[in-house]
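Okay, thanks for making time, everyone. Let me put the model up and walk you through a few spots.

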Amino acid sequence: MEKTPNTHATDGELNDGKDAINNGSVCGYDSLHRLLAANLKPQIFQEVSRLLLGLNCGKPLQTISLAEPVNSLSLEHDFDLQAFRFHADKESVREPRIVRVGLIQNSIALPTTAPFLDQNRAILEKVKPIIDAAGASGVNILCLQEAWMMPFAFCTREKRWCEFAEPIDGESTRFLQDLALKYNMVIVSSILERDVSHGDTLWNTAVVIGNHGNIIGKHRKNHIPRVGDFNESTYYMEGNTGHPVFETAYGKIGINICYGRHHPLNWLAFGLNGAEIVFNPSATVGELSEPMWPIEARNAAIANSYFVGSINRVGTEIFPNPFTSGDGKPQHTDFGHFYGSSHFSAPDASCTPSLSRYRDGLLISDMDLNLCRQLKDKWGFRMTARYEVYAEILARYLKPDFEPQVISDPLLHKKAS
């Protein structure tokens, strides 16, 4: 796969310079996959791709050709555009259950010093052509990144950013409802929610908008980070909606918001509730989490026999006032680089290449949901899980008098004679 025509850098422009670090590229390339494709011999690249991305039904993942107007939108608005197809084995009883799913990653549109209303509206204006591209491509379910309608200001601990919060049926939702209806598309929108019915309490919430423009429901973030600059509990606490799975016109979906991906039981609960696709809208930076990024969602897809869509924002967001996080580091005005790299993972351990590490993007995938049950039948993870054993130890662990089951070598404590 060659670099996309609208990639900013030519092959050698950034390879050894500081620009490659500053703009978030990988030695001048959008992603590791594109770097390898450009620098390895085809036969070697094919084998490396097999090891890195796996095989879908025994074959490399197929690419999808999209219509010319969609490609034109990508060029005109300068966003990465990729599309792939996950197959399932042909069955004798069930027809294929193919759904087209999309992920959008984006940077903010204006500096964080701009008026808040201008920032919000500029993001909506920036994202709309990408949503139009998804709609024109026939995407059935679309998911945006965490808190897509604002800068990710939760590092600052400044309360003025709460002004970006909106009710479930607020401006961002109404904007997406019109597009969902227009394109007959389910849209998952992660917002900073203001719960006006409960004292203006704030939540980190995903709103699920149906393909008729209706609000199907919401899910609030289960796990809140308190690590490094991620001081999110200054703004909102752990969610209270459980692990809902939303039955849509195109399949059963769950939303594991950002930090929840570090918690295997969180992934498990969505699977137990019947999810076929779980989205992970995120905002995470390279120094903190990038080595974990391609691993956790793929593990979840394998262990729970469902598809996972991982979405991360892009860019470096500079805030007006410097802040620290109690970790001994000097004060600074940004989180670090949000490295994008959105991708899909499948229950058979295959995954797509990632979107750009530094550019807006739309990733599209056709997936046959029959693959979920086929992998359950193949591996028998549910049948062999022995949940009762883990229910027992968890019940004991929650008691104040819990004692770990440790068997010590008696010679460790025997006094030398």
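When I say buried, I mean under 20% relative accessible area, with exposed being over 50% and partly exposed in between, using a 1.4 Å probe and protein chains only. Helices (H or I, at least four residues) and strands (E, at least two) are DSSP runs, numbered from the N terminus.

Quick housekeeping. This is a predicted model, so local features need pLDDT of at least 70 and side-chain atom pairs count only at pLDDT 80 or more, while totals for chains, interfaces and linings use all residues. Residues are numbered from 1 along each chain as its sequence is written, and side-chain values use heavy atoms, with hydrogens and water left out.

Let's start with helix 4, residues 68-77. Val70, Leu73 and Ser74 are buried there. Looking down the axis of helix 4, those buried residues fall within an arc of 100°, so they line one face of the helix; the arc is taken from the directions from the helix axis to the C-beta atoms. What do they pack against? Strand 2 (80-86) and helix 5, where contact means heavy atoms within 4.5 Å. Turned away from that buried side, the other face carries exposed Glu68, Pro69 and Glu76. Just after helix 4, Asp78 has a positive phi of about 55°.

Now Asn106, which sits in the loop between strand 3 (98-105) and helix 5 (116-136). Is Asn106 buried or exposed? Buried, because its relative accessibility is 1%. Leaving aside neighbours within four places in sequence, its contacts include Trp148, Arg313 and Asp360.

Strand 6 (residues 201-209) runs antiparallel to strand 7, joined by 5 bridges, and Ile209 stands opposite Ile215 in strand 7.

Last, cysteines. How many disulfides does a search of the whole structure find? It finds 0, a disulfide being a pair of cysteine sulfur atoms within 2.5 Å. For Cys57, the nearest cysteine sulfur, that of Cys372, is 12 Å away. Cys57 counts as partly exposed because its relative accessibility is 32%.

How values were computed. Pairing = 2+ DSSP bridges.
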